Amino acid sequence: MADQSSEYFLALQPVADRERQLLAPYAIRSEDTKGRKYDESVQTYRGPFQRDRDRIIHTAAYRRLSHKTQVFTNDLGDYHRNRLTHTLEVCSIARTIARALKLNEDLVEAMALMHDIGHPPFGHSGEDVLDACLVNDGGFSHNRHALRIVEVLEQRYPDFPGLNLSLETIEGQQFRAAKKDVKLSPSLEAQVVDAADSIAYDSHDADDALELNLLDLSQLRNVAIWNTAVERVSEGRELSDVLLRRAVAHELIDMQVQDLLKNTVAKIEKMQLDSADQAKNLRPIVGHSKQMMNQKNDLESFLLQNVYRHPSVIRVRDSAQTALRGLFARLQYDPHLLPKSFIRRSEEIGLQRTIGDYIAGMTDRFAWQEYARLIES
Ligand code: MG
């Protein structure tokens, strides 16, 4: 019995058995994985996607998310989300949705934790600067850069470059990087991560903007989804502004998740999905009802006008962009200022892309320190 038991565990049977019991026929199973680019022995106590998740968590790029901007830089305060806490909220929402739909939660978790690791300092402001600086070298997108990190830049294993993640995990990010050009859908698990990203930022950006006094509650009175959430949490009671705002932020997530589950389950039933491959040949399945999509679009337009283009946000964005542009130009002019490993790499891949990789890897804080050291001193 003891031998049988150890064989059972050594063959990764617990993972396969557990997934057979818990997952729907249209979920991706660990035992059906297409494997990794470089062959590796199977580990006996973790499934392939659990292993991917752990590899991502141990990267420098993942740790640096804690000092990278989501929307608001840290000189505005310390209540609001940074890129790491946003990532954890996305992961939490995505896992909830995956479990409810009986999809592969481990794969969803790995993809969610990876989805934003390609962001440079200062969020989309930083991305725009790098894209302009690299215009003659293929441009820059955080989604493509995330792939570059996990396939090339993270050097942690002696036998291969990057993290050698499972192909299913890589494919999820490839879809994010090529969204507009791809006709087929990604796996349902990748669709869940995409939906969870949008649910998280629509809810937390409003909450953060209120806390930072970039908005006041009265401005949101014309936003339908906000009003519905207010009615649902107040139930006729008078709530303080702070409690109302916090309760509404949670309610917004709940409303969106409920709508997404209801709409997605109905589609899955209608299409009689019975395999993971079948789902990839159809139009996207994981999504909101039309009514919820319209309401989310209204909220996003409101946030664009009133938050992302708020003078305080624009002011910080402008100074951050000036700093990054200055850093790029200085390193281009004086490449010997790059760390030695980057100087060596520039001989292989060219100076422009090397500077892009170096700056993209910086946290907000390190970018300011380098700006002070290389430009202001
Ligand atoms: Mg995100």
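The structure is a predicted model. Its protein chain has an average pLDDT of 92. A magnesium ion has four named protein donor residues, His86, His115, Asp116 and Asp197, and the structure contains one cavity of 30 Å³ or more.

**Confidence**

- In the protein chain, 95% of the residues reach a pLDDT of at least 70.
- Confidence is lowest in helix 1 (residues 2-10), where the mean is 54.
- Helix 6 has the highest confidence, at 98.

- Along the sequence, the donor residues follow the spacing H-x28-H-D-x80-D.
- Histidine 86 belongs to helix 5 (residues 83-100), while aspartate 116 sits in the loop between helix 6 (105-114) and helix 7 (123-133), so this pair ties together parts that are 30 residues apart in sequence.
- Histidine 86 counts as buried because its relative accessibility is 0%, the cut-off for buried being under 20%.
- Aspartate 116 is also buried, with a relative accessible area of 3%.

**Largest cavity**

- The volume of the largest cavity is about 50 Å³.
- Its lining consists of Met111, His115, Gly172, Gln173, Arg176, Ala190, Val193 and Asp194.
- Helix 9 (167-178) and helix 10 (188-211) are the elements that each give two or more residues to this lining.
- The lining is made up of three nonpolar, three polar and two charged residues.

**Second largest pocket**

- The second largest pocket holds about 360 Å³ of space.
- It is lined by 19 residues, of which Arg64, Leu153, Phe342, Asp357 and Gly361 are the closest to its centre.
- Two or more lining residues come from each of helix 4 (60-64), helix 8 (142-153), helix 16 (340-349) and helix 17 (351-360).
- By class, the pocket lining has ten nonpolar, three polar and six charged residues.

Key. Residues are numbered from 1 along each chain as its sequence is written. This is a predicted model: local features need pLDDT of at least 70, side-chain atom pairs count only at pLDDT 80 or more; totals for chains, interfaces and linings use all residues. Side-chain values use heavy atoms; hydrogens and water are left out. Donors are N, O and S atoms within 2.8 Å of the metal (3.2 Å for Na, K and Ca); water is not among the atoms, so sites may look incomplete. Helices (H or I, at least four residues) and strands (E, at least two) are DSSP runs, numbered from the N terminus. Buried means under 20% relative accessible area, exposed over 50%, partly exposed in between (1.4 Å probe, protein chains only). pLDDT is the predictor's confidence in each residue, from 0 to 100. On a 1 Å grid over the protein atoms alone, a cavity is a set of points where a 1.4 Å probe fits but cannot get out, and a pocket is an open set with protein on both sides within 12 Å along at least five of seven lines; lining residues have an atom within 4 Å of a point. Grid points are joined across faces, edges and corners, and a volume is the space filled by probe spheres set on the points. Ala, Val, Leu, Ile, Met, Phe, Trp, Tyr, Cys and Pro count as nonpolar, Asp, Glu, Lys and Arg as charged, and the others, Gly among them, as polar.
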